[in-house]
Amino acid sequence: MLYFPVGLCLVLLRIFIGVHVFLVSCALPDSFVRRFIVRVMCSVLGLHVKQNNQRSKDKNVKLYVSNHVTQFDHNIINLLTSCNTPLLEGPSGFVCWARGFMELGTVAGSRAELAQTLRSYCSVPGALPILLFPEEDTTNGRAGLLKFSSWPFSVADSVQPVALMVKRPFIAVNVPETSWLTELLWAFFVPFTVYQVRWLPPVQRQDGESDQEFANKVQELLATELGVVSTQITKADKAEHIKRKRHTVSHTIHRDLGARPRTVAHGFLSSNVGAEDPRVMRMALQVKDVLPDVPLSVITRDLLQTNCVDTTITNLLESTEQYHTEPAAGPSRPSTSTKSPVASPPPTLEPTAKSFGKSPEHRHMSLQERKAALYEYARRRYIEKHGLNLEEDS
């Protein structure tokens, strides 16, 4: 709150300066002088660019590949060297040109057609290098790299890896579901944003090496340089995670209307975050009362994703995973009745089908029968635990 007036003044001042930076970059031809002037003016905007291992950059390489942190990574790298970044998604026209992207005409659908177009472009003598982001989506650059797509590595047999690190105070470097305009305003609001660019030695494709193997090799190299892990999470997995998280938050707001909102931090990588949360443990014990054979760790892991007892019970009932039976933990509750009902023998529960159905209809019936058996088993355990009378209850 103390910094907010200062940040607001910086935004207004830097918007005015940013217009001049845009006009200068459009007026001057692409050269070392233009890149130097624009780089100095960007420092006034709070965008500081540093580079290491500049001697590792090979002028003969036509393909640069980099990890993706912000929506202005191509502009930052373009301040250091001349290169073109093709527009893969988003509107074309003036906005595409103003953001520094290269339009490819009508090629926007098939990645194979896009790779063929870029190969033709790189074969032209004197053409500028191409900058591609194999992750195809942004990350914060602190935990891991998304799985590299293979199509960028079919463009050329030699690539120049570029490791990019971004740091800024107060505000997160990357926030999901934010537009490039919002990111630009946040960059103007904070005091500074530091971009660290590291040029790695070029990597050549080995004989008989496929595109995916080549991509995995470069991914491991960049992950080691950045000090993060190389994951198998794709752009589609990230989109699904954001969609599920949005649905979970919406479901929690409607379910706990009027209560204090609380979200559980749970990222892509598995962790024990929230395992010691009293609220999560309380919900886990409620699920444990209904499904005593499911391990508590499995229940907690699902609750961190759903944040709902009913949804977790449904997910566990529909799951095909087999669990080892856990002994009942905790002291038994004293019975309030002087006459305890005679305990009926525990029902036999078959958690999975003995064989996998050959047709979808058989597999569907097997799932329905298993769900019905689990519901009946949970109902009997609940009635026996609380000493209810089956005849009165019916």
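**Helix H5**

Leu114, Ala115, Leu118 and Cys122 of helix H5 are buried, that is, under 20% relative accessible area with a 1.4 Å probe and protein chains only. Seen down the axis of H5, the buried residues fall within an arc of 100 degrees, so they line one face of the helix; the arc is that of the directions from the helix axis to the C-beta atoms. They pack against strand S3 (85-86) and strand S5 (130-132), contact being heavy atoms within 4.5 Å.

**Basis of the model**

The model is predicted: local features need pLDDT of at least 70, side-chain atom pairs count only at pLDDT 80 or more, and totals for chains, interfaces and linings use all residues. Residues are numbered from 1 along each chain as its sequence is written, and side-chain values use heavy atoms, with hydrogens and water left out. Helices (H or I, at least four residues) and strands (E, at least two) are DSSP runs, numbered from the N terminus.

**Nonpolar cores**

A nonpolar core is a set of buried Ala, Val, Leu, Ile, Met, Phe, Trp, Tyr and Cys residues joined through side-chain atoms within 4.5 Å. The largest has 30 residues, of which Tyr195, Val197 and Trp199 touch the most other members. Elements giving two or more residues to this core include helix H1 (4-27), strand S7 (158-167) and strand S8 (193-199). A second, separate core of 27 residues includes Leu104, Trp151, Val159 and Phe214.

Beyond neighbours within four places in sequence, the contacts of Val197 include Lys50, Ile76, Leu80 and Val162.

**Lysine 288**

Lysine 288 belongs to helix H9 (residues 278-290) and, at 16% relative accessibility, counts as buried. A polar atom of its side chain lies 2.7 Å from the backbone oxygen of valine 294.

Conventions: Buried < 20%, exposed > 50% of the residue type's maximum accessible area, 1.4 Å probe, protein only. Polar contact = N/O pair within 3.5 Å; in protein donor to acceptor, adjacent residues only side chain to side chain.
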